[in-house]
Amino acid sequence: MIYTLTYNPSIDYLVTVDNLEAGKLNRMRRAAYLYGGKGVNVSQVLRELGIDNTALGFVAGFTGREIEEGLQKKGIMTGFVHLPEGHSRINIKLCAEKETEINAPGPFVDAVSMKALRESMRQIGGDDMIILAGAAGANMESDAFASLISELPNRDTKVILDTTGEPLVNSLCYHPFLIKPNIDELSELFHEEYSVSDTGAIISAAKRLQDKGATNVLVSMGEDGAILVTGDGQVYTRSAPAGIVVNSVGSGDAMVAGFIAGYIDSGDMEDALCLGVCAGSACAFNEGFASGDEIMQLYRLIR
């Protein structure tokens, strides 16, 4: 089974406005509600690609119930812990001349609820895979992800980690199967400015992360595609297919889902990278997440 973990799932209110004018009344051209949070995004794209999975994390209040029920209607199994107080967040994704995101804080995670999550993760076996994505809650320590990984009952469980900063660095000693920093996050990690044109420097930085414990490092670069440095020293690059970007929110999460689906299907890292790039691009070309058919059309085109 594939599991995703999202500390702060959300309802994302996607708003499109033409010629946004600050301080004035603006009319929406269109609006949509999506279920969000990085792990939740991965779950939805995996389901589109025919991969069964279970979404874990915390939900609260009426918004939390909507997230849980909505994902279940999409065919995604859920194992959310319901918090006793607060509401799951509603984020605003504003599509105008520039994309703007306004993310709300998540609800408080109490010690009893955290214990319940830890207990639910004991069901994860050695043949399973878990994707830990996003940021920890505001009241959690920077080693929250590392602590959860250390308590997995089987060391053979494949861990995919899509976070950054201290939560990422603190988890590398547990040798995650895959990490996926984007190029900006890579720059923040090493306090250096990386350019998409300097692939040598990006590859060198990825290998430094491997020296710290990561097995495979996937660096996403938006419209410039991605670079994958594998545990056996292979380096693969893949440019993104051409298309009109409608909404790039969640495209990095879609890349993770595509990579996982490709890896499960073939076990081939280069093929997994190709499907990952196609999934990320297909989602960027859509207002919401792309369908499995749309992703596979791109894959067949460039593979």
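Trainee: How many cavities of 30 Å³ or more are there?

Mentor: This is a predicted model. A cavity here is a space where a 1.4 Å probe fits but cannot get out. The count comes to one cavity of 30 Å³ or more. The volume of the largest cavity is about 80 Å³.

Trainee: Which residues lie nearest the centre of the largest cavity?

Mentor: D12, L34, N247, V249 and F289 do. The lining has 14 residues in total. Strands β2 and β3 each give at least two of the lining residues. The largest share, three residues, comes from β3.

Trainee: And pockets? What is the volume of the largest pocket?

Mentor: A pocket is an open set of points, unlike a cavity, where the probe cannot get out. The largest pocket has a volume of about 1,100 Å³. Its lining counts 45 residues. Closest to the pocket centre are K38, S248, G250, S251 and G252.

Trainee: Which helices and strands supply at least two residues each to that lining?

Mentor: The list holds β2, α1 (38-48), β7 (89-95), β8 (99-102), α8 (251-266) and α9. Note that β2 supplies at least two residues to the lining of the largest cavity as well.

Trainee: Let me look at α8. How do I check the span of a helix?

Mentor: Take 1.5 Å times one less than the number of residues. Then compare that with the distance between the end C-alpha atoms. For α8, 16 residues should span 22 Å, and the end C-alpha atoms are 22 Å apart, so the two agree.

Trainee: Which residues of α8 are buried?

Mentor: First, the general idea. An α-helix has 3.6 residues a turn, so residues three or four places apart point the same way. Now the case here. The buried residues of α8 are S251, D253, A254, M255, V256, A257, G258, F259, I260, A261 and G262. Just after α8, G267 takes a positive phi of about 70°.

Trainee: What does the same check give for α9?

Mentor: Helix α9 covers residues 269-284. Its 16 residues should span 22 Å, and its end C-alpha atoms are 23 Å apart, which agrees. The helix is mostly covered, with 15 of its 16 residues buried.

Trainee: What happens at the start of α9?

Mentor: A side-chain oxygen of D268 reaches to within 3.2 Å of the backbone nitrogen of E270.

Trainee: Back to phi. Which residues other than glycine have a positive value?

Mentor: Most residues other than glycine have a negative phi. N19 is one case to look at, with a positive phi of about 55°. H175 is another, with phi near 55°.

Trainee: Where do N19 and H175 sit?

Mentor: N19 is in the loop between β2 (10-17) and β3 (28-36). N19 is exposed, at a relative accessible area of 56%. H175 is in the loop between α5 (165-169) and β11 (178-179). H175 also counts as exposed, at 53% relative accessibility.

Trainee: What else is in the loop between β2 and β3?

Mentor: R27 has its place there. R27 is exposed, with a relative accessible area of 65%.

Trainee: Now the rings. How many aromatic pairs does the structure hold?

Mentor: Planes under 30 degrees apart count as stacked. The structure holds four aromatic pairs. Take Y7 and F58: the ring centres are 6.0 Å apart and the planes lie at 5°, so this pair is stacked. Y7 lies in the loop between β1 (2-6) and β2, and F58 in strand β4 (residues 53-59), so the pair ties together parts 51 residues apart in sequence. Both Y7 and F58 are buried.

Trainee: How about Y13 and Y33?

Mentor: Their ring centres are 4.8 Å apart and their planes lie at 15°, so that pair is stacked too. Y13 is in strand β2 and Y33 in strand β3, so the pair ties together parts 20 residues apart in sequence. Y33 is exposed, with a relative accessible area of 60%.

Trainee: Which residues form one aromatic cluster?

Mentor: Y7, F58 and F145 do.

Trainee: Which charged residues sit over a ring?

Mentor: K158 lies over the face of F177, at 5.5 Å from the ring centre. The charged end of R208 sits over the ring of F190, 4.0 Å from its centre.

Technical notes
Residues numbered from 1 in each chain as written. Heavy atoms only, no water. Helix = DSSP H or I, 4+ residues; strand = E, 2+ residues; numbered from the N terminus. Buried < 20%, exposed > 50% of the residue type's maximum accessible area, 1.4 Å probe, protein only. Polar contact = N/O pair within 3.5 Å; in protein donor to acceptor, adjacent residues only side chain to side chain. Phe/Tyr/Trp six-rings, centres within 6.5 Å; stacked < 30°, edge-to-face > 60°. Lys NZ or Arg CZ within 6 Å of the ring centre and 35° of its normal. 1 Å grid on protein atoms, 1.4 Å probe; cavity = no way out; pocket = protein on both sides within 12 Å on 5 of 7 lines; lining within 4 Å. Points joined across faces, edges and corners; volume = space filled by probe spheres on them.
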